[in-house]
Structure formats: C-alpha cells, structure tokens
Amino acid sequence: MSEDVLMRAVDLKVYFKGEGRGAGIVRAVDGVSLDILRGETLGIVGESGCGKSTLGRTLLRLQEPVAGSIFLEGRDISRLRGAALKQMRREAQIVFQDPSACLNPRRTVRQILREPFGIHGMEGTMDVDARICELLRLVGLDEYLLSRYPHELSGGQKQRIGIARALALEPKIVVCDEAVSALDVSVQAQVLNLLQELKEKLHLTYFFISHNLNVVYQVSDRVGVMYLGKLVELADCAQLYEKRCHPYTEALLSAVPRVGAGERGERIHLAGEVPDPANPPSGCRFHTRCPKACEKCRVSEPVLTEVEPGHFVACHLAGDAT
Ligand code: SF4
C-alpha cells in the first residue's frame, strides 16, 4: 500500500435487519472500496439514506461491517478487539452533526474535554488541564467557558467543543459527519474555516460527509458520490465539477447554482424517490430515476471504473461521457 494512503476500505459491506414484520435486509453500504490519502479532505455526498454516514462510522469501527476490510496505515483494523481497538480509536475520531446530542448535558466543558484522557488512562501521564486549555485555544474559545454546561453555549461553541474533544488525543484522521449541517449559515462558514485551519496546522486528514454539495465543494480535495449504498463516482474536486460523468452526479450538481448553472444547462429533476435499500433495483441501482437509462442498465450492474487518471465512474455510458 502506498505511503500516501492513510486509510483504505476494500469491498466494505454493512447490512442491517430492516424494521417491521417481513422487512428485508437493508444494504446500507454494499461493496464500497476507496482510499483516503494522507492530508486530504475526501468529501462524500449523496441523498439521505445513501449510506454515507454508515460508511463513515464503519471506517472508525463504530459500526461493524458484515464483509470487507479496513486498513489504517497498512494495518488491518477490521477485526481489532479490546485494547487494540481502543488504541486505534485514538488515531481515528469523529465529529457528529448535532453538537447538542453528543455533549453530556450534566458535564461541564472541562469534564467533557477531560473524558478522552480518562478513557485512555492518560491522566497521570501528562498535564491534562494544560492540554484542555490548549485545545480550547485551538478551536478559538476562551478558558472562561470551562465551567459552563452545554446548554449555556451557542450552537457554534458546542460544535467547537465537539471538535476539540475529537482532537484531544491527536488523531490522524477525523470523520466529519454532517459536522456543520445543524448550524446557521454564518456559523457554518466559521466552523468550516476552523476545520481548514486545523487541518493545515495539525496535518489532519478528513473524511467529510455532507448532503450539501456547496459545503463539500468548499472543503474537499476529492469527492465521492454515493447512491443507495454504492460509490458511483469519485474524482478530484475540480475534475468532478468540470467533467462529471455519472447522471446522478450531473443531477446533484445541476441543483447547485454556483457550480452547476450555465455550464451544462438547466436543473435536472430526478423522477421518483430513492428506492428501498432493502429491495434495490436490479442492474444499475439508479436506473429507476436515471434520465439516460437503457435496457442494459436494467439488467447489468456497472462496475466502478477508472475512466481517466484518478476519475472513477460506475455507469455504462461513462466512456461516452468523458
Ligand atoms: Fe443511468 Fe444506466 Fe448509467 Fe445507471 S448505468 S447511471 S441507469 S445510464
């Protein structure tokens, strides 16, 4: 594995039992392979239910895959248990969408930021109070907040505390799962700027999950597009926006004025709803909504293929589109 690859997923599958009587197996992530390069921000976009958050959680082993492998710096972390899994968690952290839901309301900021050091038995090995103050400064907050409870903080301050907690143990990779989606637009911009600054200062790698293409466009080096548990397109950010090949990517981008309008015409409205992931369509999973679907698409599943260096597409028409 190249030294540039920090994390690798190989044919990752995550299935759930569906809810209700007679519910089938939900294929939340269904055979995803990708590399996350050291120092990059890999953005992942797709509609709600496409499996992007499940993929992010699975990379950190917060969700168990039913098949496939995950490598971190070449080590297979897919089946780690006990102390080895705990050690791995220091290296790979997550920032969640809703800061209110992930901060314990009965704990002060100081207690919240102390938790990771206690869990990993580090309290006697370092000056934790000094490190907590350092973390607060890193995320642009003042020390007077240490005695405050989450309900006394603004949404932006809470998310900064969530980021500080994720950075406490100096991880190599951070999964940002809709990390700015719950924030007001002006606060979103501040938190995005903060994430960018921290990435450069601490040499971080981000796996940045969002349904918002504008946000992904702002922060990502490469972008992956997911549909119904599958990765359907993956490319360098500029490459994807200029030469997108997959009709689903085309439709998503046509809805974003800043990057879609005026280049390839009008907004593309997709017909119908996202199909049930417990009962995905045959052939190409997108064929029930794809404006370019043909008979082959109904029976034959396209494979993710490199159509030009670094640009991967899963569509039977991909060669024609480049
Ligand atoms: Fe559309 Fe067919 Fe391509 Fe799927 S394989 S995206 S249905 S054209």
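Reader: Which residues form one aromatic cluster?

Author: A pair of aromatic rings is described by the distance of the centres and the angle of the planes. Rings of Phe, Tyr and Trp (its six-membered ring) pair if their centres lie within 6.5 Å; planes under 30 degrees apart count as stacked, over 60 as edge-to-face and the rest as tilted. Here, Y227, Y248 and F286 form one aromatic cluster. The model is predicted, with local features needing pLDDT of at least 70 and side-chain atom pairs pLDDT 80 or more, whereas totals for chains, interfaces and linings use all residues. Residues are numbered from 1 along each chain as its sequence is written, and side-chain values use heavy atoms, leaving out hydrogens and water.

Reader: How many aromatic pairs does the structure hold?

Author: There are four aromatic pairs. In one of them, the ring centres of Y227 and F286 are 4.9 Å apart and the planes stand at 80°, so this pair is edge-to-face.

Reader: Are Y227 and F286 buried or exposed?

Author: Buried means under 20% relative accessible area, exposed over 50%, and partly exposed in between (1.4 Å probe, protein chains only). Y227 has 2% relative accessibility and counts as buried; F286, at 2%, is buried as well.

Reader: What is the arrangement of the rings of Y248 and F286?

Author: Their centres lie 5.2 Å apart with the planes at 65°, so the pair of Y248 and F286 is edge-to-face. Y248 is buried, at 0% relative accessible area.
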